[in-house]
Amino acid sequence: MPISRRGFVAAAVAGSATALLASPARALTAPVTPAARRSAAAADPARWMSALQDGIPLTRLTIPGTHDTCATDPMNGTEWSHTQNMGISEQLRRGIRFFDIRLGTPPPDVPGELGVYHGSYYQDITFNTVLDQCRDFLRASPDDTVLMRVKNEHGLTDAQLGDKFAEYLGPKGYGDLFLVQPSLPTLGAARGKVVLITQFASSLSAPAWPAGDNGTFSNEWFELQDHYATSVDTKRQDILRHLDAATAHQDSGRLYLNFTSLAPDAANGFRWPKHLADAVMPAVLDYLSGHQQPGVHLGVVVMDFPEFHPPAIESLIARNFPSSTTA
C-alpha cells in the first residue's frame with residue numbers, strides 16, 4: 001500500500017531507519033533487509049537513494065520528477081506558465097530526482113548567465129542558481145543523483161546554447177557536478193552527480209531526448225510520453241498506458257518518461273496547469289494504489305504540483321523497495 005503521510009512521519013522515527021541512514025546500505029557488512037531499506041527511504045526522502053545498491057541501473061528505478069521545474073511564480077508569465085510551487089531545494093528534499101530545465105537568452109541583469117524559461121517567459125532564475133542548489137544538495141546527500149533534461153527553450157540557436165553550456169562545464173566551474181556519458185549509468189556511477197540529458201544539438205556525449213513533440217516517442221535511451229495538447233480523458237489514458245508499458249518491459253534497457261502535465265488549450269477548456277493536475281493526478285494515484293508491485297520500476301513520472309497530490313512522491317519512491325511482506 002502507498003506510504004501515507006502519517007506512515008511517512010512514523011517511519012521517520014523508526015529505529016531501523018535511523019540506524020541505516022547513519023551508514024549507507026552499500027557500506028554495511030551485515031545484511032540489510034528490503035523492509036529496512038524501505039523504512040530508511042521513508043525516514044528521509046532527501047536521501048532515499050542511499051538505501052539502494054550501487055549496481056542498480058537508473059533505467060530500473062521509479063523516479064518522481066517535475067515538469068517545467070522552475071516555473072514557480074505566475075508573475076513570471078501568467079498562470080499558464082505556473083507549474084510548480086516548490087523551488088529546487090524543496091523539491092530535492094521531498095525526493096524529486098528528475099528536473100525539466102529549459103534554458104534561453106541571458107537575462108538583462110545577468111548577461112553572462114543562461115536564463116531559465118517556460119516558453120518565452122523568463123522564470124527569474126538563472127542556470128547557475130539551479131546548479132548551485134543542486135550542488136549544495138548533493139554535497140549534503142552524496143549518495144543521491146539528479147537526472148536533468150536541458151532543453152533549448154527560448155531565443156538561442158543550439159550552437160549558441162552549446163557554447164554557453166561549455167562555459168558551465170569549464171570556466172564557470174560546474175564540470176565536476178555533471179556526469180556526461182553516452183549511456184544512462186548505474187546509480188553507483190551517478191551518485192553525487194547531475195546526469196545530463198540533452199535536448200539541443202551539441203557535441204556532448206550524453207543521452208539525447210527523443211525527437212518529436214506532443215505524443216509518444218522513443219530512441220535508444222528513452223520511451224517518452226508527453227502528449228500535452230489533448231483532452232484530459234485522452235491524457236489519463238496516455239499516462240496509464242505508459243505505466244502499463246513500463247511494467248511490461250522491465251528489461252528494455254530504456255528509461256520510461258511519463259509526463260502527467262497538460263497545456264492549457266482548447267482541448268481541455270483552457271484550464272490552468274494547477275487545475276489540470278487536479279483532473280489528472282487522481283488517476284495516477286488510483287493506478288499506484290491498484291498496482292502495488294514494489295520493485296517493478298515505472299521509470300520517471302513527471303508531475304505538476306506533486307505536493308498537492310499526496311502520496312504521489314512517497315508512493316513512487318516506495319516502489320523501489322520490496323515490501324516487508326516479501327522481505
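**Close-up 1. Aspartate 68 and its partners.** The side chain of aspartate 68 makes a polar contact with the side chain of histidine 67, at 3.0 Å. A second polar contact, at 3.4 Å, joins the side chains of aspartate 68 and arginine 102. (A polar contact is a pair of N or O atoms within 3.5 Å; within protein, one must be able to donate a hydrogen and the other to accept it, and residues adjacent in sequence count only if both atoms are side-chain atoms.) This is a predicted model: local features need pLDDT of at least 70, side-chain atom pairs count only at pLDDT 80 or more, and totals for chains, interfaces and linings use all residues. Residues are numbered from 1 along each chain as its sequence is written, and side-chain values use heavy atoms, with hydrogens and water left out.

Aspartate 68 sits in the loop between strand S1 (62-66) and helix H4 (88-94). (Helices, H or I of at least four residues, and strands, E of at least two, are DSSP runs numbered from the N terminus.) Aspartate 68 is buried, with a relative accessible area of 2%. (Buried means under 20% relative accessible area, with a 1.4 Å probe and protein chains only.)

**Close-up 2. The largest pocket.** About 390 Å³ of space lies here. The lining has 25 residues, and His67, Arg102, Lys151, Asp226 and Tyr228 lie nearest the centre. Strands S5 (146-154) and S9 (222-226) are the elements that give two or more residues to this lining. The largest share, 3 residues, comes from S5. (On a 1 Å grid over the protein atoms alone, a pocket is an open set of points where a 1.4 Å probe fits, with protein on both sides within 12 Å along at least five of seven lines; lining residues have an atom within 4 Å of a point. The volume is the space filled by probe spheres set on the points.)

Close-up 3. The structure holds 0 disulfides. (The cut-off for a disulfide is a pair of cysteine sulfur atoms within 2.5 Å.) The sulfur of cysteine 70 has its closest cysteine sulfur in cysteine 134, 8.4 Å away, so the two are too far apart for a bond. Cysteine 70 is buried at 6% relative accessible area. Cysteine 134 is buried too, at 0%.

**Close-up 4. Isoleucine 313 in helix H10.** This residue belongs to helix H10 (residues 312-318). Isoleucine 313 is buried, at 5% relative accessibility. Isoleucine 313 and proline 64 are 249 residues apart in sequence, yet 5.9 Å apart in space, C-alpha to C-alpha.

How values were computed
Buried means under 20% relative accessible area, exposed over 50%, partly exposed in between (1.4 Å probe, protein chains only).
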